[in-house]
Amino acid sequence: MKNCISRRSFLKAAGMLGAAGALAACGGSSSSTAPASSAASSAAASGTASSGASIKLWTYPIGGWGKDETVQELISSFNAKYPDIKVTVEYLDYTNGDDQVNTAIEGGSAPDLIMEGPERLVA
């Protein structure tokens, strides 16, 4: 059992793979939720004129996903490979997170990714 992977490592890897797959699927989209001025400035900052995709990640405090340091490290790794995709993060809690998600879905402004533990279903 010396070569066993820990549950935490497995969940990190699964989360990164899931996020990368979702991000890759969203990469061809030309729509953006950022205002035109900020999209133009981020495109200028990255050195590209036409790319500027952005994705929204909302995360509940599961494992390391509740720690900004851990999430920013994962985003930095993602941006090393996909520098033109801006990832914005919002941290949810269990007291009002479900209401925030429901309101966003009903309002047509749901995030691209929601990280939640497998034992719960988010309505």
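**View 1. Asp93 and its surroundings in the predicted model.** Leaving aside its neighbours within four places in sequence, Asp93 is in contact with Tyr60 and Pro61, where contact means heavy atoms within 4.5 Å. This is a predicted model, in which local features need pLDDT of at least 70 and side-chain atom pairs count only at pLDDT 80 or more, whereas totals for chains, interfaces and linings use all residues. Residues are numbered from 1 along each chain as its sequence is written, and side-chain values use heavy atoms, with hydrogens and water left out. Asp93 sits in the loop between β2 (86–91) and α4; helices (H or I, at least four residues) and strands (E, at least two) are DSSP runs, numbered from the N terminus. With a relative accessible area of 34%, Asp93 is partly exposed, on a scale where buried means under 20% relative accessible area, exposed over 50%, and partly exposed in between (1.4 Å probe, protein chains only). Although Asp93 and Tyr60 are 33 residues apart along the chain, their C-alpha atoms are separated by 5.7 Å. The side chain of Asp93 also reaches the backbone nitrogen of Asn96, at 3.1 Å.

**View 2. The whole protein, as a setting for the close-ups.** The secondary structure comes to four helices and three strands, which follow one another along the sequence in the pattern α-α-β-α-β-α-β. Of the 123 residues of the protein, 23% count as buried. Among the contacts with a separation of 6 or more, 69% are accounted for by residues 24 or more positions apart.

**View 3. Lys56, a buried charged residue in strand β1.** Lys56 has its place in strand β1 (residues 54–59). Lys56 is buried yet has no salt bridge, and the nearest side chain of opposite charge, Asp112, is 6.3 Å away; a salt bridge is a side-chain nitrogen of Lys or Arg within 4 Å of a carboxyl oxygen of Asp or Glu. Lys and Arg count as positive and Asp and Glu as negative, while His and the chain ends are not counted. A polar atom of the Lys56 side chain does, however, lie 3.0 Å from the backbone oxygen of Ser109. Leaving aside its neighbours within four places in sequence, Lys56 is in contact with Thr88, Ser109, Ala110, Pro111, Asp112 and Leu113.

**View 4. Ile55 and Thr59, two further residues of strand β1.** Ile55 is found in strand β1 and, at 4% relative accessibility, counts as buried. Ile55 and Ile85 are 30 residues apart in sequence, and in space they are 7.3 Å apart, C-alpha to C-alpha. Thr59 lies in strand β1 as well, and Thr59 counts as buried because its relative accessibility is 0%. Leaving aside neighbours within four places in sequence, Thr59 is in contact with Trp65, Val89, Glu90, Tyr91, Leu92 and Met115.

View 5. The buried residues of helix α4 (residues 97–106) are Gly97, Val101 and Ala104. These residues cover an arc of only 65° around the axis, which puts them on the same side of α4, the arc being that of the directions from the helix axis to the C-beta atoms. An α-helix has 3.6 residues a turn, so residues three or four places apart point the same way. The buried residues of α4 pack against β1 and β3 (113–115), whereas the face turned away from the buried side carries the exposed residues Asp99, Thr103 and Glu106. Just after α4, Gly108 takes a positive phi of about 75°.

**View 6. Leu113 in strand β3.** Leu113 is found in strand β3 and counts as buried, at 14% relative accessibility. Between Leu113 and Val89 there are 9.6 Å in space, C-alpha to C-alpha, and the two are 24 residues apart in sequence.

Terms used: Polar contact = N/O pair within 3.5 Å; in protein donor to acceptor, adjacent residues only side chain to side chain.
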